[in-house]
Amino acid sequence: NEDNVIVSLAFENGSIGVLTYTAIGASDMEKERIEIFSNNQSIVIVDFKELRYYNCEGENLKLKVQDKGHKGLILELAKHLKGDESLILPFSEDIKTTKMTLDVLDIIHSVK
C-alpha cells in the first residue's frame, strides 16, 4: 500500500537516490531520516532537528525546534508568484518533483 514504498531513482549525472517510505518501523525510532553519501563522506539529517557529518567538513548541529522547511517553501512560492527570483531551486524543478511523486502513486495504484 502507499504506506510502504521503496523508490529507486537514477539521475543524469550517474548518481542514484533511494526513497524508503514505511509505516511498519518501530514507533520510538526517528520519524524522518535523510542519508547522503559521496566520496567516502556522509551527511545524516535526523527528523529535521539534527545534522551529522561523517568524514567531511562541517560541524554537527542540533536544533531545539524541528524545521521541515514548510514556511520557507511557502515564502519561496510567494516570491515566484510575485515574479521575484527564488533563492532555492527554479519553480520548474518543484513541478518536476511533484510530477514524479504523482507518477509513483500512479504506478502503485496500477499494480494493485
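I started with Lys 96, which forms a salt bridge with Glu 93, their closest N and O atoms being 3.2 Å apart. For a salt bridge I asked for a side-chain nitrogen of Lys or Arg within 4 Å of a carboxyl oxygen of Asp or Glu. This is a predicted model, so I kept local features to pLDDT of at least 70 and side-chain atom pairs to pLDDT 80 or more, while totals for chains, interfaces and linings use all residues. I numbered residues from 1 along each chain as its sequence is written, and side-chain values use heavy atoms, with hydrogens and water left out.

Next I checked where the pair sits: Lys 96 and Glu 93 both lie in helix H2 (residues 91–111), 3 residues apart, about one turn of the helix. Helices here are DSSP runs of H or I with at least four residues, strands are E runs of at least two, and numbering goes from the N terminus.

Is Lys 96 buried or exposed? I found Lys 96 exposed, at 54% relative accessible area, while Glu 93 is partly exposed at 29%. My cut-offs were under 20% for buried, over 50% for exposed and partly exposed in between (1.4 Å probe, protein chains only).

Helix H2 also holds Lys 99 and Asp 103, 4 residues apart; they form a salt bridge with closest N and O atoms 3.0 Å apart.

Then I turned to Arg 33, which bridges to Glu 35 at 2.6 Å between the closest N and O atoms. Glu 30 joins Arg 33 and Glu 35 in a network of salt bridges.

My salt-bridge count came to 6.
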